[in-house]
Amino acid sequence: MSALVKLVDVSKRYADATALHSTNLSIERGKTTVLIGPSGSGKSTLFRLIIRLIEPDSGSIEFNGEPITPDTIVKLRRRIGYVIQEGGLFPHLTARANVLLMARHIGKSEEEMQGKLVELCGLTRFSANLLSRYPVELSGGQRQRVGLMRALMLSPELLLLDEPLGALDPLVRASLQKDLKEIFARLQQTVLFVTHDLAEAVYFGDEIVLMNDGRIVQKGSVTDLREKPADPFVSEFINAQRGVSLT
Amino acid sequence: MKALRSILAGRPRTESDRHLARRGRPSGPSPAFLLLFAAVVSTHATPVIIGSKKFTESYVLGEIARRALNDTGIAAEHRQGMGGTIILWQALQGGQIDAYPEYTGTIAQEILKNGQQLSFQQIRDALAKLGVGMTEPLGFNNTYALVMRRSEAQRLGIRTISDLRKHPKLRIGFTHEFLDRQDGWHPLRERYGLPQQSVIGIDHALGYAALANGSIDIKDAYSTDAKIEENDLVVLEDDLQFFPKYDAVFLFRSSLAPDSINALRRLEGTLDEKRMIHLNMEAERTKNYTSAANLYFQDNGRSASFADESFPHKLARWTLRHLELAGFSLLLSVIIGIPLGIVASRGGWIGQAILGFASIVQTIPSLALLALLVPLPFFGISVRTAIAALFLYGLLPIVRNTASGLQDIPRSSWESAVALGLSPFTRLWEIYLPMASRPILSGIKTSAVINVGTATLAALIGAGGLGEPILSGLNLNDHVTILQGAIPAALLALLVQWLFDVLDRVLIPKGLRI
């Protein structure tokens, strides 16, 4: 078991506040790591730092043992799939064009792309008839599946998901959660998943990373978090979430 | 700016204003052809030498003569600004020059030194005895004149020099030369019985400044002085014919070849005062006497061809020119406005500066913008100036809409495009610009409609278009002529609007229209 991504002493400060204090984290190959925490806890900052949407103030981030730099990131991004809420689809492109965008950009052959597309439609259970539709003509769940196909198109080593199911209604959400988990298992995919929902974190997470106030508070299984909380915040967070899910 | 002022003052525009725009169009055979032609046909062993005196008008006339000769295949050279009357006259007699521009009054007074009033024919006969020929008058009389501010003259109802008798309080500033001359202030006062007491001597150029700021009310001038138009002055009519005539002519050696003489004679009666003032203005503005002289030839060519044009033909010409002005300026606005908008969308002080500049340009009244551009070296009174002004006006809607359209793209889309690994250019070209296509196109549409409307003002600087009939109509107080320009301009604006609505459907991606 080796780390695919490794953060060493990474920190990020904005003008008025520290978004992420000096942080170390390893994301293990083939596992799903879930980042969880309240809003403003730094989980989105950490997430954005990995794909280099923002630059760290200090420390280094390694991918496959090599440091990520502004020079290497453009190529590296093609080995990372990225899905956000609502799928982040481009509204002026059809579902098909969204999915194939990057493959076309790097000049993959038409046959190869078609083959992969069919495979992905099957994997994500997305009807191929809908591929010619524009995002606005698709439901939220369908858009999310297209977003996932786009992220998986180049068979990435790492899949990043930022609250991918946040905007969906509970039924769609449940069915997508199930599908996602199956897909991750089938592909033996290394996944970094950001959510603020503990139930979802528990459902997906081989490893849960709880964040608060720009720091990683505790890392481990949900049992660890529940039974051996590192500090009072961990218990508070878990209990609060349990309370919500009970009502 | 000078021509503009004259237009703003409500004077009817000269034929030349209107045709200035065609400066770029060749009005005759190509120079290369002319050169060849000259080489083959010219049997003159030596070129004809034209002289000129040391002031703007003489330079321009000398250039016109040179070109008139060249255009008929005669080699000619122009020795510019050789000096004063006596030097030129002696050079002509000595054979160092073959011809030069002169004024009948000067010939009578300074060359023939005849105190009496000589008729034109008497002058010609006297010159002939000296071996010098003279053309008929070129068409303008550059005599001494008294000038006033137009506003003041209108307020007091002064039109002629005689009218000055009723206004003894007016302050006068004359050049020292005019105060002393035999045909200057003292005999003038005697002839008209002028009562003014406040008379000072002042330098010619300073006198114009004094007149402009109201320190004096009346000064002397040459009647074709470019400053008259520039400072919006009126020439008081010499109703008692006090000033001698200073008709411009060309003097030439009687031994000059007949075809050269004929070339000079073709200039007779072709230059009225307005036209000469205009050429002087252009020469003083550009400091390029050749180009000012070239204007003379372009105007001539075109006056004839447009004299009896049918209305549909005129309308087509106006409309085409109008579309040319609006279309070309719009194209420039798009080509430059979109990149500027892209830069501006990133914010920062550069973005602020770009948007600030475009906004400020928009607040400048269009007349003022034209007036600001005309004195610049590259522009002047030309189509270029009109297109530049329209381009600047078209900039803001495009820059602003491009910038805000890009800024309005949701952060998730920006980040998705980056995170996918698309190159910066691909992100811009395939993602951001298409996503912002609706506001960008609507900015272009706004610019297009503004340009079609504003392009009517191009006629003010002789750039043509549908503003031409509007302006002529305003000058002539002729509503039909105004409508001949106004209605097509309005229809054109509607057409442009409709065209862009169609274009929206083609250019805005379907996914953004559902």
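Me: Which strand does β4(A) join over 2 bridges, and in which sense do they run?
Reply: In this predicted model, β4(A) is joined to strand β5 (residues 66-67) of chain A, and the two run antiparallel. Glu62(A) stands opposite Pro67(A) in β5(A).

Me: How many residues lie between β4(A) and β5(A)?
Reply: The two strands form a hairpin with 2 residues between them. Look at Asn64(A) in the turn: its phi is positive, about 60°.

Me: Which other strand pairs with β4(A), residues 58-63?
Reply: Strand β1 (residues 3-13) of chain A does, in the antiparallel sense, over 5 bridges.

Me: How should I read side chains along a strand?
Reply: In a regular strand they alternate between the two faces of the sheet.

Me: What do β9(A) and β10(A) form?
Reply: A hairpin, with 2 residues between the strands. Here Asp213(A) in the turn has a positive phi of about 55°. Strand β9 (residues 207-212) and strand β10 (residues 215-220) of chain A pair antiparallel over 5 bridges. Ile208(A) stands opposite Gly220(A).

Me: Now an open sheet. What is the strand order in the sheet of 5 strands in chain B?
Reply: The order is β7-β6-β8-β5-β9, with mixed pairing. An edge strand pairs on one side only; here the edges are β7 (199-201) and β9 (233-235) of chain B. From one strand to the next, the twist averages 35°.

Me: How many bridges join β5(B) to β9(B)?
Reply: There are 3, and the strands run antiparallel. β5(B) covers residues 144-149. Within this pair, Met148(B) stands opposite Val234(B).

Me: On to helices. How do I read which way residues point?
Reply: An α-helix has 3.6 residues a turn, so residues three or four places apart point the same way.

Me: Which residues of helix α3(A) are buried?
Reply: The helix spans residues 95-105 of chain A, and its buried residues are Ala95(A), Asn98(A), Val99(A), Leu100(A), Leu101(A) and Met102(A). They pack against α4 (110-124) and α5 (140-152) of chain A, together with α20 of chain B. Just after α3(A), Gly107(A) takes a positive phi of about 80°.

Me: How is the size of an interface often given?
Reply: Often as the accessible area lost when the parts come together. For this contact, we have described the residues: 18 from chain B and 20 from chain A.

Me: Back to phi. Where is Arg125(A) found?
Reply: In the loop between α4 and α5 of chain A. Its phi is positive, about 55°, although Arg125(A) is not a glycine.

Me: Is Arg125(A) buried or exposed, and why?
Reply: Arg125(A) is exposed, because 12 other C-beta atoms lie within 10 Å, and the cut-off for exposed is 12 or fewer.

Me: What is the phi of Gln188(A), and where does this residue lie?
Reply: Phi of Gln188(A) is near 50°, a positive value in a residue other than glycine. Gln188(A) lies in the loop between α6 (170-187) and β8 (190-195) of chain A. Gln188(A) counts as exposed, because it has 9 C-beta neighbours inside 10 Å.

Technical notes:
Residues are numbered from 1 along each chain as its sequence is written. Chains are lettered from A and ligands numbered from 1 in the order in which they are written. This is a predicted model: local features need pLDDT of at least 70, side-chain atom pairs count only at pLDDT 80 or more; totals for chains, interfaces and linings use all residues. Two residues are in contact if their C-beta atoms, placed from the backbone, lie within 7 Å. Two strands pair if DSSP finds at least two bridges between them. Helices (H or I, at least four residues) and strands (E, at least two) are DSSP runs, numbered from the N terminus. Axes are lines fitted to C-alpha atoms, for helices over the stretch in contact, and angles run from 0 to 180 degrees between N-to-C directions. A residue is buried if 20 or more other C-beta atoms lie within 10 Å of its own, exposed if 12 or fewer, and partly exposed in between; C-beta atoms are placed from the backbone.
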